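Welcome! Take a moment to look over the sequence and the 3D view below, then follow along as we walk through them together.

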Amino acid sequence: MLRNDAESYGVVTILFHWIIAVIFLGEILLGYLMVRTGNYALQFSLFQWHKSFGFLILLLSGLRLLWRMVNPRPHPSDGISRIERAAAHAAHGFLYLALFVIPLTGWAVASSSPLQIPTYAFNLVVIPPLPLAISDQAEAFWTMSHAWLAYLSAIVATAHILAALHHHFWKKDAVLLRMLGARRPAPVRPHADPLRIANKDTRS
């Protein structure tokens, strides 16, 4: 099933979710490591990979947003309170926004840096800089914005993961299962009692 339905997420939505999530978490780790190595050749390579995956996140997030616009979400899972639903909407909204803003601020860092180091996306294509002022002050501003947004997003993503695990292991509902491609189990209907039916027919 490629598309979402009223009960479950489709394959396309699930792939977008998990691929972007893995790249996003990898980017946070890569961003942390690349500024702490003393090997300048390795640092340059790590920076290029970090920028490459950042542009990939931007591309995939744009495609995911378009897919979501033409493919409605399933109905909310049962047993979720209004507070949980509001918190989930807030977290999802923030993370959706972060998937665009964080790569754009990273692009702004490379564009405003006085070094003007070209960005080679996966060593295949050169990404042109944004039309921004070039200065040490501008680079510092965008670097700080990029870093703090990434850290804040990591906190929200961690809360999102913990909430999903809470629903799966504690509340034992289908919140996590639906994003793994599992459908909600159909409600079990009690079997008809033949004796009760016979009595009912006799009374009528």
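This is a predicted model: local features need pLDDT of at least 70, side-chain atom pairs count only at pLDDT 80 or more; totals for chains, interfaces and linings use all residues.

## Starting at a strand

Val125 touches Thr119 and Tyr120, leaving aside residues up to four places away in sequence; a contact here means heavy atoms within 4.5 Å. Val125 lies in strand 2. Helices (H or I, at least four residues) and strands (E, at least two) are DSSP runs, numbered from the N terminus. Is Val125 buried, exposed or partly exposed? Val125 counts as partly exposed, at 43% relative accessibility, where buried means under 20% relative accessible area, exposed over 50%, and partly exposed in between (1.4 Å probe, protein chains only).

Residues are numbered from 1 along each chain as its sequence is written, and side-chain values use heavy atoms, with hydrogens and water left out.

## The whole chain

How many helices and strands does the protein chain have? There are 6 helices and 2 strands, and reading along the sequence gives the pattern α-α-α-β-β-α-α-α. Of the 204 residues of the protein chain, 32% count as buried. Among contacts with a separation of 6 or more, 70% are between residues 24 or more positions apart.

## Helices side by side

Let us begin with helix 1 (residues 11-34) and helix 2 (residues 40-70). Their axes come within 9 Å and cross at roughly 155°; axes are lines fitted to C-alpha atoms, for helices over the stretch in contact, and angles run from 0 to 180 degrees between N-to-C directions. Helix 1 and helix 2 are therefore roughly antiparallel to each other. For that wording, angles under 35 degrees count as roughly parallel, over 145 as roughly antiparallel, 65 to 115 as roughly perpendicular and the rest as oblique. Helix 1 passes helix 2 in a left-handed crossing, meaning that the near helix is turned anticlockwise from the far one by less than a right angle (clockwise would be right-handed). The residues of this contact divide into 17 nonpolar, 7 polar and 2 charged. In this scheme Ala, Val, Leu, Ile, Met, Phe, Trp, Tyr, Cys and Pro count as nonpolar, Asp, Glu, Lys and Arg as charged, and the others, Gly among them, as polar.

Next, helix 2 and helix 3 pack at an angle of about 145°, with their axes 9 Å apart, and helix 2 passes helix 3 in a left-handed crossing. Residues of helix 2 that take part include Phe55, Ile57 and Leu58, while those of helix 3 include Leu99, Phe100 and Trp107. By class, this contact has 11 nonpolar, 3 polar and 3 charged residues. Helix 3 (residues 82-112) and helix 4 (residues 136-171) pack at about 150°, with axes 8 Å apart, which makes helix 3 roughly antiparallel to helix 4. The crossing of helix 3 past helix 4 is left-handed, and its contact residues are 15 nonpolar, 9 polar and 3 charged.

## The nonpolar core

Which residues have the most contacts inside the largest nonpolar core? They are Phe24, Ile57, Leu60 and Leu99, in a core of 13 residues. A nonpolar core is a set of buried Ala, Val, Leu, Ile, Met, Phe, Trp, Tyr and Cys residues joined through side-chain atoms within 4.5 Å. Helix 1, helix 2, helix 3 and helix 4 are the elements that give two or more residues to this core, and helix 3 gives the most, with 5 residues. Phe24 touches Ile57, Leu99, Ile102, Ser153 and Ala157, not counting residues up to four places away in sequence.

Phe122 sits in the loop between strand 1 (119-121) and strand 2 (125-127). Its phi is near 55°, a positive value in a residue other than glycine. Phe122 is partly exposed, with a relative accessible area of 28%.

Lys172 is in the loop between helix 4 and helix 5 (175-179). The phi of Lys172 is near 55°, again a positive value in a residue other than glycine. Lys172 is exposed, with a relative accessible area of 66%.
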